[in-house]
Amino acid sequence: MTNQKLLDKLHKLIENTDHADKKHLKKLRKVLRKLKEKQHELAEQLDQCPVEKDRVKIQQDIDVLTLQRKKGVAVYKTLKAERKNRTGDNNQDTDIPSAEK
């Protein structure tokens with residue numbers, strides 16, 4: 001998958017976070033993992049590339065991927081924490097009525 005397609009997918013997943021369920025988080029994590037792999041591939045290409053013009057282009061791509069991954073990871077952590085809090089709140093609500101019985 002190309003960098004642009006991965007970035008488009010990431011953008012859609014970041015934008016649509018209203019009701020993030022486990023499946024949504026899994027998709028987000030998968031895209032972030034693929035972006036990380038692409039970033040490592042580009043870093044290897046950068047090391048092997050002798051042409052300065054190409055090196056600049058590769059470095060720009062790496063910078064874009066790094067920035068987008070950071071945004072994605074921040075959203076992922078936020079969504080995961082919200083989901084955990086929601087699950088924790090539901091468990092606490094069910095514990096209270098059973099204790100009163």
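Reader: Is H24 buried or exposed?

Author: Burial is read from relative accessible area: buried means under 20%, exposed over 50%, and partly exposed in between, computed with a 1.4 Å probe on protein chains only. H24 has a relative accessible area of 11% and is therefore buried. This is a predicted model, in which local features need pLDDT of at least 70 and side-chain atom pairs count only at pLDDT 80 or more, while totals for chains, interfaces and linings use all residues. Residues are numbered from 1 along each chain as its sequence is written, and side-chain values use heavy atoms, with hydrogens and water left out.

Reader: Which residues are in contact with H24, leaving aside its neighbours within four places in sequence?

Author: Contact means heavy atoms within 4.5 Å. With those neighbours set aside, H24 is in contact with L13, N16, T17 and L79. H24 itself lies in helix 2.

Reader: How is the secondary structure of the protein assigned, and what does it come to?

Author: Helices (H or I, at least four residues) and strands (E, at least two) are DSSP runs, numbered from the N terminus. Here there are three helices and zero strands, giving the pattern α-α-α along the sequence. Of the 101 residues of the protein, 23% count as buried. Among contacts with a separation of 6 or more, 66% are accounted for by residues 24 or more positions apart.

Reader: Where is G72, and which residues does G72 contact?

Author: G72 lies in helix 3. Its relative accessible area is 0%, so G72 is buried. Leaving aside neighbours within four places in sequence, G72 is in contact with L10, I14, L28 and L32. The C-alpha atoms of G72 and L10 are 7.0 Å apart, although these residues are 62 apart in sequence.

Reader: How many salt bridges are counted?

Author: A salt bridge is a side-chain nitrogen of Lys or Arg within 4 Å of a carboxyl oxygen of Asp or Glu. By this rule the count is one. D61 pairs with K57, and their closest N and O atoms are 3.1 Å apart. Because D61 and K57 are four residues apart in helix 3, about one helical turn separates them. D61 is partly exposed at a relative accessible area of 23%, and K57 is partly exposed at 46%.

Reader: What is the nearest side chain of opposite charge to R69?

Author: For charge, Lys and Arg count as positive and Asp and Glu as negative; His and the chain ends are not counted. The nearest side chain of opposite charge to R69 is E37, 10 Å away, and R69 is buried yet has no salt bridge. R69 has its place in helix 3, residues 52–100. Not counting residues up to four places away in sequence, R69 touches L32, L35, K36 and Q39.

Reader: What is the volume of the largest pocket, and which residues line it?

Author: Rolling a probe the size of a water molecule over the atoms shows where empty space is left. On a 1 Å grid over the protein atoms alone, a cavity is a set of points where a 1.4 Å probe fits but cannot get out; a pocket is an open set with protein on both sides within 12 Å along at least five of seven lines, and lining residues have an atom within 4 Å of a point. Grid points are joined across faces, edges and corners, and a volume is the space filled by probe spheres set on the points. The largest pocket has a volume of about 160 Å³. Its lining consists of M1, K9, K12, L13, N16, H24, K27, K30, V31 and K34. Helix 1 (3–15) and helix 2 (22–48) are the elements that give two or more residues to this lining, and helix 2 provides the largest share, five residues.

Reader: How do the residues of the lining divide into nonpolar, polar and charged?

Author: Ala, Val, Leu, Ile, Met, Phe, Trp, Tyr, Cys and Pro count as nonpolar, Asp, Glu, Lys and Arg as charged, and the others, Gly among them, as polar. The lining of the largest pocket has three nonpolar, two polar and five charged residues.
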